[in-house]
Amino acid sequence: MKHFEDQWKYLGNKSNYSFNCSYILGLGLPGSAFECKKCSLNRQEIGMKIVAEPQTPNTVTTNKNEPLIFPNVIAGAAHKAVEIYRRYIEAPEQFIYMTFITLLGAVLARMVTLDTAFKVQTRLYTVLIGPTGRSRKSTVLGLIVDLFKDILTHDFKLDICWGVGSDVGLARRMKKSESLVLATDEFKALTSKSSIKSSALLPTISTLFDRNEYSNYLKSDKDSIEITEAYLTMIAASTPETFEEIWTSEFTNIGLNNRLFLVPGTGKKAPLPKNISAIEFNSIKKEVGKILGVVGGGVKSVSYTHLRA
């Protein structure tokens, strides 16, 4: 509260600011904390507005209430999946698209890199953010996972892990599969592990975003871990309210927040969905097969234009 008091007093001395009783998103202050001398109304919140503030040509004005618009990048096999699933389920198209791209990237991670000096792999840490019920985050995740399991042949596989409790547990799981998708219906269930004393789970996950190995040797051999040739992908879901609660120092200090691909969205109302027809399913399978056919031919590095899945 002391921070807001100092800020309020500072702005009150500026000639281009005045106070009123309108609630402004982003600066909601309790009415008991300050008095509005220009208004006799007893409101619960006191707001602030800028009377006249000059703008430079480089100033960008945004509406805080305007939702983020997903860019027009949906193409290829992912576009086919979005086009079909969007007719059946309530989830927004960006949820379908990014879940598809994330899982496809996990399948290709060991075989494909971006043709640059950095050799960027096709792995993502994706978090779907939407309200409970309407956005159908978990529904999309389950449907696209099942889609890939049905599509992939013995040459390509998708190994899903629905949760780990520690860095040791993650290391044991990755010994069974070098390429792993860490999936969770609630992102906070994963980040809350950071509050456990001596937990190294989130630092391990953070390191494996840029690298394919991680080690943490301790006095006890059973608690020491070594991960080599690891290709970790993450797909998670969260509500906006829950996502706001995870921004603790334990979470931000390790830089995991900089590695997340955040996808906000809200779905549409739809009746009880029907099963996708065999013809529609095979059309998606055909598009994915084209991609896997190129990779199967020995292509290891691809240009940006070839990455438009």
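The legends below describe several close-up views of one predicted model.

Residues are numbered from 1 along each chain as its sequence is written. In this predicted model, local features need pLDDT of at least 70, side-chain atom pairs count only at pLDDT 80 or more, and totals for chains, interfaces and linings use all residues, while side-chain values use heavy atoms, with hydrogens and water left out.

**View 1. The protein chain as a whole.**
The protein chain has 10 helices and 12 strands; helices (H or I, at least four residues) and strands (E, at least two) are DSSP runs, numbered from the N terminus. Of its 309 residues, 40% count as buried, where buried means under 20% relative accessible area, exposed over 50%, and partly exposed in between (1.4 Å probe, protein chains only). Among contacts (heavy atoms within 4.5 Å) with a separation of 6 or more, 70% come from residues 24 or more positions apart.

**View 2. Helix H3 packed against helix H4.**
Two packed helices are described by the angle between their axes and the distance between the axes. Axes are lines fitted to C-alpha atoms, for helices over the stretch in contact, and angles run from 0 to 180 degrees between N-to-C directions. Helix H3 (residues 93-108) and helix H4 (residues 137-151) meet at an angle of about 40°, and their axes are 10 Å apart. H3 and H4 are therefore oblique to each other; angles under 35 degrees count as roughly parallel, over 145 as roughly antiparallel, 65 to 115 as roughly perpendicular and the rest as oblique. On the H3 side, the contact is made by Phe95, Ile96, Thr99, Phe100, Leu103, Leu104 and Val107. On the H4 side, Lys137, Val140, Leu141, Ile144, Val145, Leu147 and Phe148 take part. By class, this contact of H3 with H4 has 12 nonpolar, 1 polar and 1 charged residues. Here Ala, Val, Leu, Ile, Met, Phe, Trp, Tyr, Cys and Pro count as nonpolar, Asp, Glu, Lys and Arg as charged, and the others, Gly among them, as polar.

**View 3. Helix H3 in its surroundings.**
In H3, 15 of the 16 residues are buried, so the helix is largely enclosed by the rest of the structure. From its first C-alpha to its last, H3 reaches 22 Å, close to the 22 Å expected at 1.5 Å a residue; the expected span is 1.5 Å times one less than the number of residues.

**View 4. Helix H5 crossing helix H7.**
The axes of helix H5 (residues 167-176) and helix H7 (residues 201-210) come within 8 Å and cross at roughly 45°. H5 and H7 are therefore oblique to each other. Asp167, Leu170 and Met174 of H5 make the contact with Leu201, Thr204, Ile205 and Leu208 of H7. These residues divide into 5 nonpolar, 1 polar and 1 charged.

**View 5. Tyr231 and its contacts.**
Tyr231 lies in strand E10 (residues 231-238) and is buried, with a relative accessible area of 11%. Leaving aside residues up to four places away in sequence, Tyr231 touches Ala109, Arg110, Gln121, Arg123, Met174, Glu178, Ser179, Leu180 and Asn212. Phe209 is 22 residues from Tyr231 in sequence and 8.3 Å from it in space, C-alpha to C-alpha.

Most residues other than glycine have a negative phi. Lys119 has a positive phi, near 50°, and sits in the loop between strand E4 (113-114) and strand E5 (125-129). Lys119 is partly exposed, at 42% relative accessibility. Glu229 has a positive phi near 50° and lies in the loop between strand E9 (225-227) and E10. With a relative accessible area of 43%, Glu229 is partly exposed.
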